[in-house]
Amino acid sequence: MTSRERVVTAMRRRQPDRPPFDLSFGYSTAQLASIRDRTGADDPCDYFGADTRMVWPGPTRLSTDFSAYHGPLPPGTTIDEWGLAHVPTASTDADHAHLEGFRHPMSRLESVSEAAEYPLPDIDAAYRYEPVRAEIEAIHRRGLAAMAMLECTVFERAWYLRGMERLLLDFTDGSAFATTLLDRITERRMAQAEHYARAGADVIAYGDDVGTQRGLLMSAGMWRAWLKPRLARTIEAARRVEPDVLVFYHSDGDVSAIIPDLIEVGVDILNPVQPECMDPAALKCAYGDRLSFWGTIGTQSTLPFGSPDDVRREVRTRIETVGAGGGLFLAPTHILEPEVPFENIVAFVEAVKGRYA
Amino acid sequence: MTAESVSPLIAALRQAVIDGQAKDAAALTEQALAAGVVPRSLVDEALIPAMDEAGRLFEAGEFFVPELLVAARALKASQALVTPLLAGSAAATAGRIAIGTVKGDMHDIGKNLVLALLQGGGFDVVDLGADVPPERFVAAITDDGAQMLGLSALLTTTMLQMKATMEALDRAGVRGSVKVIVGGAPVTQRFADEIGADGYADNAAAAVVLARRLLGRPA
């Protein structure tokens, strides 16, 4: 079985030769340096034999000036193509090198026309997906599965621009500003999803963090009013082009309350299923015939603080309780922070490949 | 004006804050003050119970982050009218607490919710912000007169800065003069015990209860 066959088989809830795996959304700066040092390999996914590779849109040709949307910014701040300012931590600790804060460019805007005129990036432009198509072909030639990244699909992208507290107040107030902003982002995300589907992605990775570890960030009612219909539109856009594309949805935290809604709008795969606040085995029992699970290995518990034996035990437990009949993709639940021991990463990969001892 | 005739105003103000109705909260505050309600009792009988109830509803899973945010907004609308009238009253607050997200960590939503509920609970809260180095926490005690510190972290990486902050308090010789409470997604009671914190709470409402207990205030 090639990696691509393994991923598609498992995520369609048929039995693969072993569960597919990857190393999640990446690595903290210090962890990546440590892995490279220990393995001599540039890409940990190549070294460990992960089953997927991720793709993103090619670079933009725009060079929008967002300075009018920001006050003075600290030294070292970078502004991305959405206009979001990324402020580096003041800490000089090497383990903190990947940490940054945000300055939100739309936090001081008031009128609907300002929401309508804010310069959004051209992530819907066809030229940015020409390199994606080539990358996906190359990934497929290697027998790997291609995962097209549509993370921070609508809600997170909107609050990155507006500020989370401000956007949640907008929702509560029923603000036309929020409607305009969310609709504009949704339209671009729909185009992006179509481009990914056309380029041959096996999996499209949608995601908006709407969970805390104690339950939803907002009420299920508010999520259904503001976010569910827009998520549905972005999924429909991909499915109109490629009905069989696998739809992956990421939210940190406990999103149990909206799992039936996610299935209803077409989500095939739930990620990351944080075991610190969701029970993967119980979810398999409740939804395993309609939903696959990607993640489940805790980066807040076992991976940083457990022993290699603990990691192997957690992997084996997942395979036994969630892996039957497919539907399980094993991955750390988030990026590998610096305190995850290298031995635990090795133990994770070996256990997935069936070496438990 | 009798207690009976102002109590509906107090009850209505309390409900307006819980419901996050900022304009109503401001109007009812003005009416209550005009009716002769003592500012202190307005705080004690309407505002503090309102935010306690919002916190209780949050803890019970009936309120979510947006409901807490609008309640805090309504609270501020009332406080803007009441707080100036309380100035100079030494017993006006339940204690001074400095709160921040530890060094390296930029996450502030959880910290801000705790801050809102502590303020609502009658504490004088100094917001140290995010990415706060240990020496700033020390200065909050020596310069700002904090009786309690609240430390927040969202990541296993930065959680370790809580230990570094506790050590800095020891080195500065101020550990004995302050209570320290900790919280955030990866933090546990066990971790709090290991680093020698005085208390841990797993949600914003529980943090207020904890702060009152540690500072010897009535629950």
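Helices (H or I, at least four residues) and strands (E, at least two) are DSSP runs, numbered from the N terminus. The model is predicted: local features need pLDDT of at least 70, side-chain atom pairs count only at pLDDT 80 or more, and totals for chains, interfaces and linings use all residues. Residues are numbered from 1 along each chain as its sequence is written, while chains are lettered from A and ligands numbered from 1 in the order in which they are written.

Chain A holds 15 helices and 12 strands. Its C-alpha trace spans about 60 × 45 × 40 Å along the principal axes. Of its 357 residues, 47% count as buried (20 or more other C-beta atoms, placed from the backbone, within 10 Å of the residue's own).

Tyr129(A) sits in the loop between α4 (112-117) and α5 (130-141) of chain A. Tyr129(A) is buried because 24 other C-beta atoms lie within 10 Å. Beyond its neighbours within four places in sequence, Tyr129(A) is in contact with Pro57(A), His195(A) and Ala199(A) (contact: C-beta atoms, placed from the backbone, within 7 Å). Ala116(A) is 13 residues from Tyr129(A) along the chain, and their C-alpha atoms are separated by 25 Å.

Chain A also meets chain B. The contact takes 28 residues from chain A and 22 residues from chain B. On the chain A side, the elements giving two or more residues are β4 (100-103), α7 (164-173) and β8 (215-216). The largest share, six residues, comes from α7(A).

Conventions. Contact = placed C-beta atoms within 7 Å. Buried ≥ 20, exposed ≤ 12 C-beta atoms within 10 Å, placed from the backbone.
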